[in-house]
Amino acid sequence: MGEEGTRGTVHLLCLAASSGVPLFCRSSRGGAAARQQLPFSVIGSLNGVHMFGQNLEVQLSSARTEDTTIVLLVGLEELTNIRNVERLKKELRASYGLIDSFLGDSELIGDLTQCVDCVIPPDGSVLQEALSGFAEAAGTAFVSLLVSGRVVAATEGWWRLGTPEAVLLPWLVGSLLPQTARDYPVYLPHGSPTVPHRLLTLTLLPGLELCLLCGPRPPLSQLYPQLLDRWWQPLLDPLRACLPLGPRALPDGFPLHSDILGLLLLHLELKRCLFTVEPLRDKEPSPEQRRRLLRNFYGLVTSMHFPPEPGPPEKAEDVVHQAQLPRACYLVLGSEEPGTGLRLVALQLGLRRLLLLVSPQSPTHGLRSLATHTLHALTPLL
C-alpha cells in the first residue's frame, strides 16, 4: 500500500504484494473526495520500488522530492495471499467509505492518537445505567452509545476492546449513511480477523446511535422496537442533551477560559480522548484551521518531547531518561507579543496529556498556569 501527497492531493493505493495488481486507489484533495487517480506508470513504479526493496530484505518507508511525498505501507498478511483478485476487489468496496473518511478532514482525531474519541454527557450516570441494563437484556457485553462517531457511554466489555477495534468501530459507524437500523458484518483486526462479528446499530435520535457487537444472536427484530422502547423511551431528554456534544465534546456551561480556542485531552492508559475546537466558535481561526493546528502540534510534541505511551522503567538509565522528559512546552505562531500570534501549549501530568490552542491575547508567561488549571478541571471527566 502507498500514499502520495501532491499540492493538497492525497492518493491511497493498495497493491497485491505478490503480483502488483492494483486492488484500489482512493484520492482526496483538500480534505474532500477527488476523482483524480494515479497514472498507471506511477502505480507500476511504486510496485517496482516495493518489490526491489523486498528482494533485498529492505523496507522502504518513504521517498521525497521537492513537492511530493511517497510513503510505503505494509498491508495485512491476509491481503498478500490472494486467491481471487477480482473477488477481493469487490469485497474491498465495502471499505471505501471508511477509507475516504480517513483521507478527508474529519472532526475526529482517533486516527492520529489511537485513542477513542469521547464526549462527556450531562447525565452520564443515567445513560450508563440504561446502557448496562439494555446490554444485559440484549445478551451481549459489547454495547456503546455514539454521537457523530464519538462514544457517549459504553459497557465494560466494549471498553475492553483493544486498539484498533475500539477506535475503528465508532469511526466506521460515523462514516456510514444514516439508517434507522443496521446489521453489518465486521472483522476485528486483532480480536477476530477471519470470522466476522455482527455490528448492530439502532438510531435513537438523528446522529445518536446504539451499537452492539455480537454473534448470531440476538436477531435485529428482537431489539427493535421492543427493547429499544423499553429502555430508551423514558430517557428522551437526557438523549437530546447528547446531540450538541458531537463537535463540542464537553457539556454546556463547562467552565473553560475564554482564551481557549480548542483542546485535546488524552488519557494515555485508558486510550480515550476529548477533542473540541468549538469554544468561541465566532473567533478566528476557523474550526477546520484549529483542528489542523492541534493535529500538527500533537504530532510535534509526541515525536519530539513526550513519549507516545507511559510505561514502567526497565533499567536504571530509563529512570534517568524519564526524569529528564519535559512536562510542558509551548509554541507561538508569530511574535510572542500579546495579541500577535496564536499559542499552542502542551502539558503532561501522570497519565493525562493536554494540548490547548490559545488566542493571541493570552500572555506566554501564563500558558503553563492556564494549562494546569484546565487539566485539573478536566481530570474528573476523563
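Predicted model: local features only at pLDDT ≥ 70, side-chain atom pairs only at ≥ 80, totals over all residues.

Start by selecting residues 96-103, which are helix H3, and residues 165-175, which are helix H7: the two pack at an angle of about 100 degrees, and their axes are 9 Å apart. An angle from 65 to 115 degrees counts as roughly perpendicular, so that is how H3 and H7 sit relative to each other.

Now show the side chains where they touch. On the H3 side, pick Gly-97, Leu-98, Ser-101 and Phe-102; they meet Leu-168, Trp-171, Leu-172 and Ser-175 of H7. Which classes of residue make up the contact of H3 with H7? Five are nonpolar, three are polar and none is charged.

Next stop, the sheet. Six strands make up this open sheet, with mixed pairing, and you can follow them in the order S7-S14-S13-S17-S16-S15. At the edges you'll find S7 (116-117) and S15 (328-333), each pairing on one side only.

Zoom in on S13 (residues 260-267) and S14 (residues 272-276): they run antiparallel, joined by five bridges.

The chain's average is 83, with 82% of the residues scoring at least 70. Select residues 1-7 and you'll see pLDDT below 50, though in the model this stretch has 36 contacts beyond near neighbours in sequence.

Conventions
Residues numbered from 1 in each chain as written. Heavy atoms only, no water. pLDDT = per-residue confidence, 0-100. Contact = heavy atoms within 4.5 Å. Axes fitted to C-alpha atoms, helices over the stretch in contact; angles between N-to-C directions. Helix = DSSP H or I, 4+ residues; strand = E, 2+ residues; numbered from the N terminus. Parallel < 35°, antiparallel > 145°, perpendicular 65-115°, else oblique. Nonpolar A, V, L, I, M, F, W, Y, C, P; charged D, E, K, R; others polar. Pairing = 2+ DSSP bridges.
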